[in-house]
Amino acid sequence: MDNAHVDRETLRELADAGNETALDRLADLADEAGDLAELSDLLDDGSRHAGLLLTRRAAAAGDLRELQRISDAGYEEAGTELDRLLRAPGGRRC
């Protein structure tokens, strides 16, 4: 089976069995599709990569509430980014 054609169901099975590379690949696919709900689910499943992708999106949008939510879900770097935005001169939108 070609790596580019691995289906999501197979990736999910591997991720559920503890394969972090499969979990990361699911996060990449969700990010490419703009599927924030799936990224959030993957973060809840313990995917640090999903946390990174969500943090990048939230920081780019200046979404302070989303950064707080991601941080609360266990991705500490989101809290660091939140603090950086809160300390920035002129502030950012919520």
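Predicted model: local features only at pLDDT ≥ 70, side-chain atom pairs only at ≥ 80, totals over all residues.
Residues are numbered from 1 along each chain as its sequence is written, and local features are reported only at pLDDT of at least 70, side-chain atom pairs only at pLDDT 80 or more, whereas totals for chains, interfaces and linings use all residues. Side-chain values rest on heavy atoms, with hydrogens and water left out.

The chain contains 6 helices and 0 strands, where helices (H or I, at least four residues) and strands (E, at least two) are DSSP runs numbered from the N terminus. Along the sequence the pattern reads α-α-α-α-α-α. Of the 94 residues, 33% count as buried, a term that denotes under 20% relative accessible area, with exposed meaning over 50% and partly exposed the range in between (1.4 Å probe, protein chains only). Among contacts (heavy atoms within 4.5 Å) between residues at least 6 apart in sequence, 31% join residues at least 24 apart.

Helix α3 spans residues 36-44, and its buried residues are Glu38, Leu39, Ser40, Leu42 and Leu43. The elements that cover these buried residues include α1 (8-16), α2 (20-33), α4 (48-61) and α5 (64-72). Leu39, when neighbours within four places in sequence are left aside, is in contact with Ala27, Ala30, Asp31, Ala50, Leu53, Leu54 and Arg57.

The axes of α2 and α4 are 8 Å apart and the helices pack at an angle of about 25 degrees, where axes are lines fitted to C-alpha atoms, for helices over the stretch in contact, and angles run from 0 to 180 degrees between N-to-C directions. The two helices, α2 and α4, are therefore roughly parallel to each other, the class for angles under 35 degrees, as against over 145 for roughly antiparallel, 65 to 115 for roughly perpendicular and the rest for oblique. In this pair, Asp24, Ala27, Asp28 and Asp31 of α2 meet His49, Ala50, Leu53 and Arg57 of α4.

The axes of α4 and α6 come within 9 Å and cross at roughly 15 degrees, which makes α4 roughly parallel to α6. Here Arg48, Thr55 and Ala59 of α4 meet Glu77, Ala78, Glu81 and Leu85 of α6. Glu81, in helix α6, is buried, with a relative accessible area of 18%. Not counting residues up to four places away in sequence, Glu81 touches Thr55, Ala59 and Leu67.

In helix α1, Leu14 counts as partly exposed at 39% relative accessibility, and, with residues up to four places away in sequence not counted, Leu14 touches Asn19 and Ala22.
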